[in-house]
Amino acid sequence: MEYYMFVHFNINTFTDMEWGTGGENPALFNPSDLDCMQWARLAKKAGMTGIIITAKHHDGFVLWPSRYTEHSVKNSPWKNGKGDVLQELREACDAYGLKMGIYYSPWDRNHADYGNEKYLEYLHLQLEEVLTNYGEIFEVWFDGANGGTGYYGGANENRKVDQRTYYNWPKIWNHVRELQPGAVIFSDGGPDVRWVGNEDGYAGKTNWSTLNRDLVWPGWPHFKQLQYGHKNGTHWVPAEVDVSIRPGWYYHASEDHKVKSLPELLDIYYNSVGRNASFLLNIPIDPRGKIHPNDSVQLMALARQLKLDFETNLASEALVEASSHRGPGAQYEPANTIDGDSGTFWATEEFIRHGSLTLNLPNLTTFNRLLISEYIPLGQRVEAFHVEVQTSDGSWLPIAQETTIGRKRILRFEDVRTDCVRITIDSALAAPLITTVELYRAPRVLTPPLISRDDQDVVHMKAGEDHSIIFYTIDGNEPDSTSHRYKAPFPLPRVATIRAAVLDSVSGEWGPVAIQQLEIPRKNWIALKGDRKMLDGNPDTYSTIRGNKIEIDLGEMHALTGFTYLPDQSRYARGIIREYRFSVSQNGKKWQEVSSGEFANIQNNPIGQEINFSPVKARFIRLEALAQVEDDEEVRVAEITLRDVRKDPG
Ligand code: FUL
């Protein structure tokens, strides 16, 4: 399926939440202009092959008129309770030749029986509805997030389940197999498609499609391994990279300007499709029931760029030689790698687990992408390979040293110019079978500059490429060549919005605009608990606090309206706050709580958590961890920013 769409659309769309509590009123669900045809049209245009929809998320509200719950569209004002989102999506998918998939959350914060056997009966009955009434379903997506606080029919309590045993997964899988024999089942460990272990949009460079599946269950603590798979794993469970085009999974107007840039989306494509995984890109649906224009613009920008990146295969006229090939006859010849047929392949001699392919190009050729595929019906075999090009003096210049290949591996490197390329398979689990080798020259894509303000209120900007001139504005206008030119870091001790873009001095092209909101300046803040690393504007450093809270003296009185907490961003992050309390004080002695709650989905998606409240006078702030993702004895804070009623003076 390679590339397909996730849509998060449900009651959270109308409450501006990431995780609903389950106590929401069904009357909240009321899209003004639901348009599944628009989703499908855009998915098709983007080159996607299907759409997976959040039929039921953790809050339990269902998008179809289920017989087994009142918590559904049938009790909403939308179409007077006669609507069925799944039916509309089915029609749209059929109209555009797309496949349809179902996301179904096993965790249900609405259901009174969640945690006991009766809820499991309900789950089976609902799956039966979803998997019999809406035609062919290609994937059933079971979320691993499970158990915790919720409404639970009014009980409003914390319910923990044993994730390994409670659901009786084999029984659920059998049920799905009976109802939809062609569907693949997704969860942390499959059984058919596995989670990639992060929601950031990448698979491991080494990525085996095999997995020791029986070790893994939804909620498995060693989920970081899922990005690599298991070499010699017992089952074929390829990875799927799920990631949102925005920071959150659901639509929030506050994220309209945070849609991922083209360079970010391209990185995700190369780090998923280009690393032997499939790519499931989430597009949130807005309260109208449509994809917001900012998302569709980026979706189309990616589609256009991919077309350019893979426009002309520069290897199709090559003369291909191999160190050896399995004979006799032409069946396993090296030329099979450039014949455009994914059913033919080059094979080394039986039992020989290494070998090289040399592509003699008709002319000196410049390229910066190499695409290579194994013949997957006979498994994934290659575990190490490298690529060299021949220089004009006949010597070999190494350009890549890599590990796995799998269904598709795409390497990106700087432009190289040569008429001879050699790919060497250094080792493989069995005789390597290569079905495709392609070369491309992708055009250069400029990235937006990085903008930060340090704890002395000095602004820094950095361009991603050489020959770039950065222009910026602080008056709300889009940057152009008449704007300020960035030459060196400069102080900006006030609330401001910076917009910056690079101009490539060689090609005259402009890169995309970066927007950075600067909140209350932090130079005069005193970290009472914690240190200045949480104020330094660098998301890669963090303050480590033993105990469960940070405290800051802002040095002067403010009318505060909100804060943003950025958790530890490192790959093996720790000290992440899951439930928080935010309090303020005017004198550092008497404290007043202004906000508390959960940072929904922060474990899987540790983005900045933005909390807003009505203005409150304060000079001191305290952010407390009431619960953490893991039971760490410390809290880590990468960044904390505060907002007050003061507006950007522009
Ligand atoms: C996570 C969920 O908790 C998020 O809300 C979202 O649905 C994402 C795709 O999976 O585990």
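How many aromatic pairs does a search of the whole structure find? The search returns 38 aromatic pairs. The structure is a predicted model, and its overall form is described before the individual sites.

The chain has 650 residues. Its secondary structure comprises seven helices and 33 strands. The radius of gyration is 27 Å. A compact globule of 650 residues would have a value near 26 Å, so the chain agrees with that expectation. Along the principal axes, the C-alpha trace spans about 85 × 65 × 45 Å.

Of the 650 residues, 58% count as buried. Among contacts with a separation of 6 or more, 73% are between residues 24 or more positions apart. The accessible surface amounts to about 27,100 Å². Carbon and sulfur atoms contribute 48% of that surface. The chain carries 68 positive and 87 negative charges.

The aromatic pairs were examined next. A pair of aromatic rings is described by the distance of the centres and the angle of the planes. Of the 38 aromatic pairs in the structure, one is formed by tyrosine 103 and tryptophan 141. Tyrosine 103 belongs to strand S3, residues 99-104. Tryptophan 141 belongs to strand S4, residues 137-142. The pair therefore ties together parts that are 38 residues apart in sequence. Both tyrosine 103 and tryptophan 141 are buried.

One aromatic cluster is formed by Tyr114, Tyr119, Tyr122, Phe142, Tyr152, Tyr166, Tyr167, Trp169 and Trp173. Asparagine 116 sits in the loop between S3 and helix H4, which covers 117-132. The relative accessible area of asparagine 116 is 35%. Buried means under 20% and exposed over 50%, so asparagine 116 is partly exposed. Asparagine 116 and histidine 460 are 344 residues apart along the chain. Their C-alpha atoms are separated by 55 Å.

Glycine 190 and proline 191 are joined by a cis peptide bond, with omega about 20°. Proline 191 lies in the loop between strand S7 (184-187) and strand S8 (193-195). Another cis peptide bond joins glycine 327 to proline 328. Here omega is about -5°. Proline 328 lies in the loop between strand S13 (319-322) and strand S14 (346-347).

Positive phi values occur at asparagine 156 and histidine 467. Asparagine 156 is not a glycine, yet its phi is about 45°. This residue is placed in the loop between strand S5 (148-150) and strand S6 (157-159). The relative accessibility of asparagine 156 is 54%. The cut-off for exposed is over 50%, so asparagine 156 counts as exposed. Histidine 467, also a residue other than glycine, has phi near 55°. Histidine 467 is found in the loop between strand S21 (458-462) and strand S22 (468-473).

Conventions: Residues are numbered from 1 along each chain as its sequence is written. This is a predicted model: local features need pLDDT of at least 70, side-chain atom pairs count only at pLDDT 80 or more; totals for chains, interfaces and linings use all residues. Side-chain values use heavy atoms; hydrogens and water are left out. Helices (H or I, at least four residues) and strands (E, at least two) are DSSP runs, numbered from the N terminus. The radius of gyration is taken over C-alpha atoms; the globule rule is 2.2 Å times the number of residues to the power 0.38. Buried means under 20% relative accessible area, exposed over 50%, partly exposed in between (1.4 Å probe, protein chains only). Contact means heavy atoms within 4.5 Å. Accessible areas come from the Shrake-Rupley method with a 1.4 Å probe; for residues, only the protein chains shown count as cover. Lys and Arg count as positive and Asp and Glu as negative; His and the chain ends are not counted. The place of a charge is taken as NZ of Lys, CZ of Arg, CG of Asp or CD of Glu. Rings of Phe, Tyr and Trp (its six-membered ring) pair if their centres lie within 6.5 Å; planes under 30 degrees apart count as stacked, over 60 as edge-to-face and the rest as tilted.
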